[in-house]
Amino acid sequence: MSTQRQKQPDEPETQEAPTDQEMKAEASPQQKRLQRKREQQSAREASADEGEPEEETVHLKVFRYDPEVADKQEPRFDDFHVPFEKGMTVLDAVMYARDHFDSSLTFRHSCRQAVCGSDAFFVNGKQRLGCKTQISDLSQPIRVEPLPHQEVVKDLVVDMDHFYEQMHAVEPYFQSEDLPQGELEEQRQSRENREKIKMSSRCIWCGACMSSCNIAAGDNQYLGPAAINKAYKFAMDDREEEEIKEHRLRILEQEHGVWRCQTQFSCTEVCPKDIPLTEHIQELKREAVKKNLKFW
Amino acid sequence: MSQSYNRGLIEDFGRWKEFSAGMWAWIFHKFTGWMLIGYLFTHIAVLSSSLTSPEAYTTTIQGLESLFIIRVLEVGLLAVAVFHILNGIRLLMVDLGVGLEAQDKSFYASLIITGVIVVASVPTFLDGVTF
């Protein structure tokens, strides 16, 4: 239809194309994901192109709550009609609403490009990153709520303390005793190992997975998908010694660790960085079993 | 935090329209599991009538099987058991890390196969029973 986007498909191909045969096999899940993304994108563009009226507004229903303002102590939804622009995200829309209609509208945001992980909202019944969610993908009115299962501090701001506590509980830092010989030596990681932990290292701590998990909602001590994924990143890192990996598995195999996961795939569905969280949790379950059952 | 507002459980059954395949699979698996446990007790109760005498067992079974509602419940039991088995295999695959990206498709497949088996079993289960 439109001529301006014709060149798009071959563009990412050249960036991602692996050179040797072995790498090709390694990169295939990512390529599949990229492929899927591209398809979704083209479908999106196709639907967006199907002529909508020019002077268009977006109808937002935004959750409002403020314990310090008398008429906002009882939570309510405010309606905002924001002029639509091509490529507008949910974050753009709430920012417009804040800048033009109600400056007291409060929400966290920083980088606006899905890197900082501060603007995870509950948009139309799903945990999404505001800056990564296109308005054109959503049906209106768009309900923007703070993340479920966390306490609301004000408007769209939730208390993330518990999430951060769980993240820190898995000791999310590299702790190898084994330092390289020379002063300027580096702790090198093999390419294969890097590929293995690549997806898990993409976590931006937005808390969408934890919020979507209804096991974490019922069990406050459950580490949650994000923390387990963080532990996966380090437990699967070959540069750490076997004892440290065992120490990590001891944390994870506790009652409120990996075994709480009941594979509902909610976290994997909502993760804005497409981390296969359930897969990682399942792999750690197998590692935990293997550590305790040794028949050989 | 000085003051904050707890909205309680958002992700409850009121949001069932937004549940994803994995969530439905989990709910159905729990539900069918409890149904099967419930059936286990009735099963033991019926079987234990054979402790009194062989005739008591025969009359109990014949009496139950002559009831239309029991035949319908048997079809339901088959549906529950077949789904639980098929989804159990799916969960086994998930635990082994096989085909996690196809977990939603395997859930739909187990639903369809359950439906086919149940429909195919109806003539057998409702054979020779009157209202």
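**A first look at chain A**

Strand S1 (residues 57-64) of chain A runs antiparallel to S2(A), and 8 bridges join the two. Strands (E, at least two residues) and helices (H or I, at least four) are DSSP runs numbered from the N terminus, and two strands pair if DSSP finds at least two bridges between them. This is a predicted model, in which local features need pLDDT of at least 70, side-chain atom pairs count only at pLDDT 80 or more, and totals for chains, interfaces and linings use all residues. Residues are numbered from 1 along each chain as its sequence is written, while chains are lettered from A and ligands numbered from 1 in the order in which they are written.

**The sheet**

- In chain A, 5 strands form an open sheet with mixed pairing, in the order S2-S1-S5-S3-S4.
- Strand S2 (76-83) and strand S4 (126-129) of chain A each have a single partner strand, so one side of each edge strand is left without a neighbour in the sheet.

- The domain assignment of chain A, with bounds from an automatic or database source, gives domain 1 (57-158) and domain 2 (161-174 + 192-292).
- The C-alpha centres of domain 1 of chain A and domain 2 of chain A lie 28 Å apart.
- Their contact (C-beta atoms, placed from the backbone, within 7 Å) takes 14 residues from domain 1 of chain A and 11 residues from domain 2 of chain A.
- On the side of domain 1 of chain A that touches domain 2 of chain A, S4(A) gives the most, with 4 residues.

Conventions: Two residues are in contact if their C-beta atoms, placed from the backbone, lie within 7 Å.
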